[in-house]
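Here is a short briefing on one structure. Topics are grouped below for quick reading.

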Amino acid sequence: MLARHPRIGVHRFLSSTISSSSPKCIIPSTAFHRGSFNTTPALKMSTQPAHPALLIPGPIEFDDAVLQSMSHFSESHVGPGFVAVFGETLSLLRQLFQTTDSAAQPFVISGSGTLGWDLVAANLVEAGEDVLVLQSGYFSDGFADCLTTYGANVTKVTSAPGSRPQLDEIEKALSAKQYKLLTVTHVDTSTGVLSELKKLSELVHKVSPETLIIVDGVCSVACEEIAFDEWKLDGVVTASQKAIGCPAGLSISMFSGKAMERFQNRKTPPASYFASMKNWTPKAFLLRHALPQLVRALHTALNQILTKPIADRFAAHRQASDKIKQAVTALGLQQVAGNPDDQAHGMTAMYLPDSVKSTDLLPILGKKGVVFAGGIHKEIATKYIRFGHMAGPSRTDIEKALTALKEGLAELGYSKP
Ligand SMILES: *Cc1c(COP(=O)(O)O)cnc(C)c1O
């Protein structure tokens with residue numbers, strides 16, 4: 001049952017152009033018992049019915065206060081209350097992406113993470129233009145397919161499952177052709193491979209400065225560091241339901257002034273109506289249906305995330321991830337992301353022993369109250385499982401998951417070599 005939520009966030013209007021200010025938002029005092037990396041079990045009982053711990057790489061478990069924000073009464077999407085919350089939400093997003101550049105443009109659009117791909121493909125590339133896709137798994141391939149759908153001419157730098165394209169290969173590709181943009185999957189959710197963005201951006205700026213750098217951050221925004229301005233990124237697309245911890249339904253993105261200029265200077269109109277940036281710019285978005293209840297939930301989730309310095313949040317993810325990865329290694333399991341530097345901090349993809357099938361193990365884990373995800377990388381799909389730990393599941397959930405994993409493997413006859 002969802003209780004009525006105190007009306008938060010209607011107190012101050014912050015326009016989307018106020019970039020670096022700290023909004024003084026009012027946050028319910030009950031907002032922090034989950035997702036705040038407590039090392040002790042939650043003190044407050046959740047109002048949600050008892051359910052298995054959802055530990056897949058998105059959607060993640062949602063905080064009570066975030067869910068309660070969605071039970072707001074119906075309101076006009078152009079009325080002052082919602083407009084104020086939307087403005088604050090965009091300012092909070094600038095903080096999350098670490099941008100103070102007033103030319104950078106955030107977008108919050110009803111849709112899933114995939115819509116971010118369409119936003120890039122429909123607005124920042126024209127048919128026949130060259131795009132370089134750094135392929136690190138299933139989701140990079142999806143982004144490439146989307147770009148192709150809009151007529152882009154896609155070249156991929158490929159890599160074996162569990163790895164990612166290396167800088168020397170990328171440099172070679174960039175030197176061979178003038179690419180309009182490059183896409184990189186920050187964390188490929190199919191493999192748990194983390195791509196390095198800072199050095200990649202330095203390379204692109206050195207070798208091909210006109211190429212826009214576009215990041216699929218659906219599985220990384222709010223759990224891996226992203227310094228949008230400092231790293232000179234041109235676009236980061238994400239979704240509400242992964243590390244941000246807001247129910248699915250919002251495509252969330254940030255584009256640089258340079259990317260927006262690219263859009264303004266198109267020769268042909270965008271090949272999509274719904275995903276055309278022109279329909280979602282600050283003046284226009286107020287005329288569109290923008291899912292008020294979901295935006296209120298996003299506003300609450302962002303306020304929770306930004307209560308503490310964002311660097312602390314990334315450090316907490318690294319710490320929790322290190323512990324989980326140590327425990328997985330102690331069980332004698334290998335990670336899909338072979339190189340420790342390439343391992344994501346919000347999820348862990350692990351190979352199963354040869355004798356254990358994921359289709360046998362996952363239901364056993366489910367009975368023990370833990371929901372993990374199976375593999376989706378087509379070359380290795382049946383051989384591994386995925387444990388999502390974005391936004392800091394409680395210490396008790398992590399312990400429960402690791403214990404269930406150990407017991408489940410034992411029940412299927414596995415013992416550590
Ligand atoms: C989940 C995910 C997507 C797709 O997002 P949806 O909300 O499921 O459409 C895209 N890229 C990555 C890296 C993801 O993890």
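Leaving out neighbours within four places in sequence, Val236 contacts Phe97, Val215, Gly217, Val221, Ile226, Phe228, Ser253 and Met254. The model is predicted.

**Nonpolar core**
- The largest nonpolar core holds 109 residues.
- Val236 is among the members that touch the most others, together with Leu96, Ala121, Leu147 and Leu182.
- Helix 2 (residues 80-96) gives this core its largest share, seven residues.

**Lys242**
- UniProt, in an unreviewed entry, lists Lys242 as "modified residue: N6-(pyridoxal phosphate)lysine".
- Lys242 sits in the loop between strand 9 (235-239) and strand 10 (250-255).
- Lys242 has 28 other C-beta atoms within 10 Å, so Lys242 is buried; the cut-off is 20 or more.
- Its contacts, not counting residues up to four places away in sequence, are Gly58, Ile60, Val218, Cys219 and Met390.

**Helix 4**
- Helix 4 covers residues 138-149, twelve in number.
- From first C-alpha to last, helix 4 reaches 17 Å, close to the 16 Å expected at 1.5 Å a residue.
- Phe139, Ser140, Phe143, Ala144, Cys146 and Leu147 are the buried residues of helix 4.
- Seen down the axis of helix 4, these buried residues fall within an arc of 160 degrees, so they line one face of the helix.
- The cover over the buried residues of helix 4 includes helix 3 (114-123) and strand 3 (130-134), along with strand 4 (153-157), strand 5 (181-185), strand 6 (187-188) and strand 8 (212-216).

Key. Residues are numbered from 1 along each chain as its sequence is written. This is a predicted model: local features need pLDDT of at least 70, side-chain atom pairs count only at pLDDT 80 or more; totals for chains, interfaces and linings use all residues. Helices (H or I, at least four residues) and strands (E, at least two) are DSSP runs, numbered from the N terminus. The expected span of a helix is 1.5 Å times one less than its number of residues. A residue is buried if 20 or more other C-beta atoms lie within 10 Å of its own, exposed if 12 or fewer, and partly exposed in between; C-beta atoms are placed from the backbone. The arc is that of the directions from the helix axis to the C-beta atoms. Two residues are in contact if their C-beta atoms, placed from the backbone, lie within 7 Å. A nonpolar core is a set of buried Ala, Val, Leu, Ile, Met, Phe, Trp, Tyr and Cys residues joined through C-beta atoms within 7 Å. UniProt positions are given in the numbering used here, feature names are shortened, and annotations may be inferred rather than shown by experiment.
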